[in-house]
Amino acid sequence: DFDAGDAQKVITLPIKGNDKREFDESLAIELVDDTGMAKLENFTAFVVIQDDDPFAPAIEVAPSLEVGDARGVSSDFNVDFYDPEQTLTATFEAANGKIELDGEVVSEISGNLKTINEQLSKLKITGVSGEANGELTVTVTTDGQDGADPRSTSKTIALEIHNKASVTIPSEATAVAGKFVELGGMQVGDVDSSSLVVELIADAGKLLVGDGEYNAGIAETSRGYKIDGTVNDINTVLADLQFKGTPGEATGSITVKADDGDPLTTKAIQSFNVSISKAAPEVEAPNSAFAKTAIATPIEGVSVYDADSDYLVVKLTVAEGELNFSNEVPGSIMSEGAGTGEITVSGTTADLNKLLKSLTYKSVDQPVEDLSISVLVDDLSGTEIGSSKIDLSVLGNAAPDAGGDVTDMLTSTVSEASDP
């Protein structure tokens, strides 16, 4: 109703749409003046309701899409067509990308309007690893069941590919039980990210970061390390990484996880085995020692060690003279040859080192040149025998001759002051 003074009114017409192709329809609106007082030139207006269902397939999709190289991304595809029951076929052509439906790679799907839109909503688009860009072309074609020739529409979408980090591992890695050795051969990288978080996990062994000054953040964990920083800074740390195998284990392993923090990518994970060899026994001894003629002189600083064996056999030999121990050999040690030029002792590392602290050498009556003590240690496991050589200088033990000139033992000042 128009009240007095009203010149216009807004009429809202709700429209219930459908997917059927129909002709445009008209609606007449007529104004009725019950009083006959209104002055109108046109009492009737006509409204045209246009059909919005396309006669050719219409594809609605964004012009570009960011995708990951390992994690599929959905796209808001939507197809419209006037005939909801006609079979439509969608084909896909991807450059540097792949299309998956329910985990299977597809290049074509088909169905009526409802079915094809349901399938399009489930599509996962993934970029090719190592590439920064790609594109996807979608073509939707009708089957011509309405008597018209098949009609098709195409849309091309630009793909911006997000790459996950990459991990390089050594083709072969070796370590020693109970002893840190450098690994080498590990690197990380990322095509489109300069910062990463890398997690290192060791099994049947222990990792150790070098003692250099690093720009990357390094946090020790229960089984390894977590390192964060730029790719270059992380690789500097990895280049110095060391591994110590667990004694008694033949094989260890290291897992490397690299994360670039991008929600469109996944973690890069690589694992490799480390062959653990048994540790060879080691000898610590001085390079040289002094002894006096015919006197049992202590030879200090001799000890043995083995990272993965606690029972060792030590052999001490000298070409001339006698080797012995100033302490009594305990019952826990097997000993042979004490007081001769060749001693063999065997026992635990702790007992042997306690005994070796009392090692003595007694030379023959006259000074000897080019003499040395050989120290060999064997863990009886087939590993390399540890060895060391102590060069001996045997000094004479006789008193100096009487009447010698001791002037050179005094300073020139003292000599002058004592002149009579």
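**Figure 1. Leu88 meets its bridge partner, Thr142, in strand β11.** Strands β6 (residues 88–95) and β11 (residues 133–142) run antiparallel and are joined by 8 bridges; two strands count as paired if DSSP finds at least two bridges between them. Strands (E, at least two residues) and helices (H or I, at least four) are DSSP runs, numbered from the N terminus. This is a predicted model, in which local features need pLDDT of at least 70 and side-chain atom pairs count only at pLDDT 80 or more, while totals for chains, interfaces and linings use all residues. Residues are numbered from 1 along each chain as its sequence is written, and side-chain values use heavy atoms, leaving out hydrogens and water.

**Figure 2. Five strands line up as β4-β12-β11-β6-β9.** The sheet is open, with mixed pairing. At its edges, β4 (64–68) and β9 (108–111) each pair on one side only.

**Figure 3. Ser253 sits in strand β22 (residues 251–259).** Ser253 is buried, with a relative accessible area of 19% (buried means under 20%, exposed over 50%, partly exposed in between; 1.4 Å probe, protein chains only). Beyond four places in sequence, Ser253 touches Ile201, Ala202, Asp203, Phe272, Asn273 and Val274, where contact means heavy atoms within 4.5 Å.

Figure 4. pLDDT is the predictor's confidence in each residue, from 0 to 100. Over residues 406–420 it stays under 50, and the model has 2 contacts beyond four places in sequence for them.
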